[in-house]
Amino acid sequence: MVGSIMEVVSNEYSNGSVQACNGSEEKLDDLRSLVGKADGDPLRIVSVGAGAWGSVFAALLQDTFGQFRDKVQIRIWRRPGKTVDRATAKHLFEVINSREDVLRRLIRRCAYLKYVEARLGDRTLLADEILKDGFCLNMIDTPLCPLKVVTNLQEAVWDADIVVNGLPSTETREIFEEISKYWKERITVPVIISLAKGIEAALEPVPHIITPTKMINQATGVPMENILYLGGPNIASEIYNKEYANARICGADKWRKPLAKFLRQPHFIVWDNSDLVTHEVMGGLKNVYAIGAGMVAALTNESATSKSVYFAHCTSEMIFITHLLAEGPEKLAGPLLADTYVTLLKGRNAWYGQMLAKGELSPDMGDSISGKGMIQGVSAVEAFFELLSHSSLNVLHPEENKPVAPVELCPILKTLYKILISREHSSSEAILQALRDENQNDPRERIEIAQSHAFYMPSLLGQS
């Protein structure tokens, strides 16, 4: 096989110290036993995709379990050849020199000189090259521990026991279709943990949502019982800096409880839940409204009043949509609002909305932004709009007493679609006009409508 593995042979971490075991070896042994690993055969974990969350997830595992090199191998795959622009190289140099532990680590590894040369413009750095040293291109300000980087996909995944999907939802199907080619002769079935938040909409044979875990299932044939989703109200860089955080791993009983135990750390609490698809969809839904929140914040000069008005309307729409998607939507209220809250505060989708409103970005520039990665809320806006516009899902309008598509009761979603996708609105100002519409219903009424009508449509999640 052709490819390269850039290995790190030391047990150095981003803080220059070796972490205490804290029961890590016991947790690793338990998971190895469940997977069926023999002595001398390492548990092979690979993260596919090197965005912020995928890189942090791999780094957390490396920090915790990397010292047990005879029992586990942790690697991360990213595409080769992506260059680091001069401005980013200069900023990276500043970050390195502001952190004595990172500076010393690079000097010890004889890796510092290339960053000096890149800052001067005498050398071009590659994204996979700096990831080896612990720098994620989408998260330069947060140095990670050194990582074992693989640039050949076949080499990365062909014998992996656990695959972490760190790809955007928009790339998940394509990459896992390629991965499936390398798994045709596999005897064992891998376990896949998806971190992706996003959805696709399919309108045939009936309108329904396709989530990243379902994309993986369709692309590879790996059974759904071996595919899990992990998500929660958190920011990747803050998790790596050991800010207290929590998440849920959702999926079948066999794997979710052991993996929750394996991943749990004092600062990163992982709970488990059986409701995989609904949690996954909610992770995509909050990205939709985070973009609008960023627009409102920028357009009103961070007006607390305007942001609270927007929050009331967007949460009422999310509650309405969850009543269409879930039989027990009240169970989702806490997790959904928490995830929405942190995304509005510091997520890339809210940042994207701000940049659009300030005129520093435009929808024509696409949804893959240098230094930020994929803005997954854009594709989610399109998917939810297409899905909820379908006439077969019509609901009774409470005032007009006639059937309407569900999207007609979601004016913010409609406005975001017209700004980002159809471009019927040329300015982000349209989001404020939607909020100030004199015909706008009290958001409380939308919640009452959802709670007083039998809107639940299991077919939307592909369920009978």
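Four residue pairs make polar contact between domain 1 and domain 2 in this predicted model, counting pairs in which both residues have pLDDT 80 or more. Several elements of domain 1 give two or more residues to the side that touches domain 2: the helices α8 (169-182) and α9 (212-220), along with the strands β7 (200-202), β8 (208-210) and β10 (245-250). Sorted by class, that side of domain 1 holds 15 nonpolar, nine polar and five charged residues.

The domain assignment builds domain 1 from two stretches, 23-80 and 149-274, while domain 2 covers 277-461. Each domain brings 29 residues to the contact. Their C-alpha centres are 28 Å apart. About 2300 Å² of area is buried between domain 1 and domain 2, and carbon and sulfur atoms give 65% of this area.

Which charged side chains meet in a salt bridge here? They are those of K346 and E238, with an N to O distance of 2.8 Å. The count of salt bridges between domain 1 and domain 2 is one.

If you widen the search to the whole structure, you will find 23 salt bridges. Another of them joins the side chains of K71 and D29, at 3.0 Å from N to O. K71 sits in the loop between α2 (52-65) and β3 (72-77), whereas D29 belongs to helix α1 (residues 24-35), so this pair ties together parts that lie 42 residues apart in sequence.

An unreviewed UniProt entry places the feature "domain: Glycerol-3-phosphate dehydrogenase NAD-dependent N-terminal" at residues 147-249. In the model, the span 147-249 is 32% helix and 25% strand, and its end C-alpha atoms lie 24 Å apart.

Two backbone details deserve a stop if you like checking torsions. What is the peptide bond from E204 to P205, cis or trans? This bond is cis, with omega near -5 degrees. P205 itself is in the loop between β7 and β8, and β7 and β8 are among the elements that give two or more residues to the side of domain 1 touching domain 2.

The other detail is at C110, which has a positive phi of about 55 degrees even though this residue is not a glycine. You can find C110 in the loop between α4 (100-108) and α5 (112-120).

Notes:
Residues numbered from 1 in each chain as written. Predicted model: local features only at pLDDT ≥ 70, side-chain atom pairs only at ≥ 80, totals over all residues. Heavy atoms only, no water. Domains from an automatic or database assignment. Contact = heavy atoms within 4.5 Å. Buried area = accessible area lost by both parts, 1.4 Å probe. Salt bridge = Lys/Arg side-chain N within 4 Å of Asp/Glu carboxyl O. Polar contact = N/O pair within 3.5 Å; in protein donor to acceptor, adjacent residues only side chain to side chain. Helix = DSSP H or I, 4+ residues; strand = E, 2+ residues; numbered from the N terminus. Nonpolar A, V, L, I, M, F, W, Y, C, P; charged D, E, K, R; others polar. UniProt positions renumbered as here; feature names shortened; annotations may be inferred.
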